[in-house]
Amino acid sequence: YKFWTMINDIRKALPHINKLRVQNDEMDSKTKFIYDCGNYIEVIMLADHYWVSYEYALFRWYNFATSKQCEEICKYGAVPEENEKNHDIDFYIDGVPFDLKLTVLSSKYPWPRPISRADKNRYIKRLRENASKESRSWNNNRLYIVVNSREEKSDFARIDKAICGYMNYIKKNWFNEVDGIKSDVIYLR
């Protein structure tokens, strides 16, 4: 019941975050309360209480909540990081630490869909090069789940199927590396 309630709340936030936002340290600091919110109404109430943009807070909460749902990768054999506040590690696969990023395929760049190995590696490099350089580290092992739209970030049935496929794939193959960092793309076609 709690899982489906959370998914419904995640989807209820969507109409409020239709503008693309670039995160920055100042607004991130003002909206740290999102990590303690269990639903989108709490986010709106706390944003109002702290006099910050509820759209920005909901945008962050939606990204946080959808990523947390994707961390269900642990049911396929990954081990969660004990410290939930660790910014750089979400889980371990075969003892290797990974940070998970759930992202929307950018329409601003004429890149092919990240399906082939070469396209995935080019896309990983593009994500690193164009990411915010504020308090976020981009030298970690990273697993990217790439979807086609913000709405697909909450299509957990398809994401779960793709994660399961990836975990089965790496049982037979080792991790992909880009510039010495273990990184891969799970793309929802």
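Q: What counts as a helix or a strand here?
A: Helices are DSSP runs of H or I with at least four residues, strands are DSSP runs of E with at least two, and the elements are numbered from the N terminus. This is a predicted model in which local features need pLDDT of at least 70 and side-chain atom pairs count only at pLDDT 80 or more, while totals for chains, interfaces and linings use all residues. Residues are numbered from 1 along each chain as its sequence is written, and side-chain values use heavy atoms, with hydrogens and water left out.

Q: OK, how many helices and strands are there in the protein?
A: The protein has six helices and six strands, and from the N terminus on they run α-α-α-α-β-β-β-α-β-α-β-β.

Q: And where is Trp 51 found?
A: Trp 51 sits in the loop between α3 (40-49) and α4, and although this residue is not a glycine, its phi is positive, at about 60°.

Q: Is Trp 51 buried or exposed?
A: Trp 51 counts as exposed because its relative accessibility is 80%, where exposed means over 50% relative accessible area, buried under 20% and partly exposed in between, with a 1.4 Å probe and protein chains only.

Q: Switching to Arg 60, buried or exposed?
A: Arg 60, which is found in helix α4 (residues 54-70), counts as buried because its relative accessibility is 7%.

Q: What does the side chain of Arg 60 join up with in a polar contact?
A: The side chains of Arg 60 and Thr 31 are joined by a polar contact of 2.7 Å. A polar contact is a pair of N or O atoms within 3.5 Å; within protein, one must be able to donate a hydrogen and the other to accept it, and residues adjacent in sequence count only if both atoms are side-chain atoms.

Q: Leaving aside its neighbours in sequence, which residues is Arg 60 in contact with?
A: Once neighbours within four places in sequence are left aside, Arg 60 is in contact with Gln 23, Met 27, Asp 28, Thr 31, Lys 32, Ile 34 and Tyr 35, contact meaning heavy atoms within 4.5 Å.

Q: What about Ala 78, where is that found?
A: Ala 78 is in the loop between α4 and β1 (79-80), and it is buried, with a relative accessible area of 6%. Leaving aside neighbours within four places in sequence, Ala 78 is in contact with Ile 73, Phe 91, Tyr 92, Ile 93 and Met 167. The C-alpha atoms of Ala 78 and Phe 91 are separated by 6.3 Å, with the two residues 13 apart along the chain.

Q: Last one, what share of the protein's residues count as buried?
A: Of the 189 residues of the protein, 45% count as buried. As for contacts in the protein with a separation of 6 or more, 69% are accounted for by residues 24 or more positions apart.
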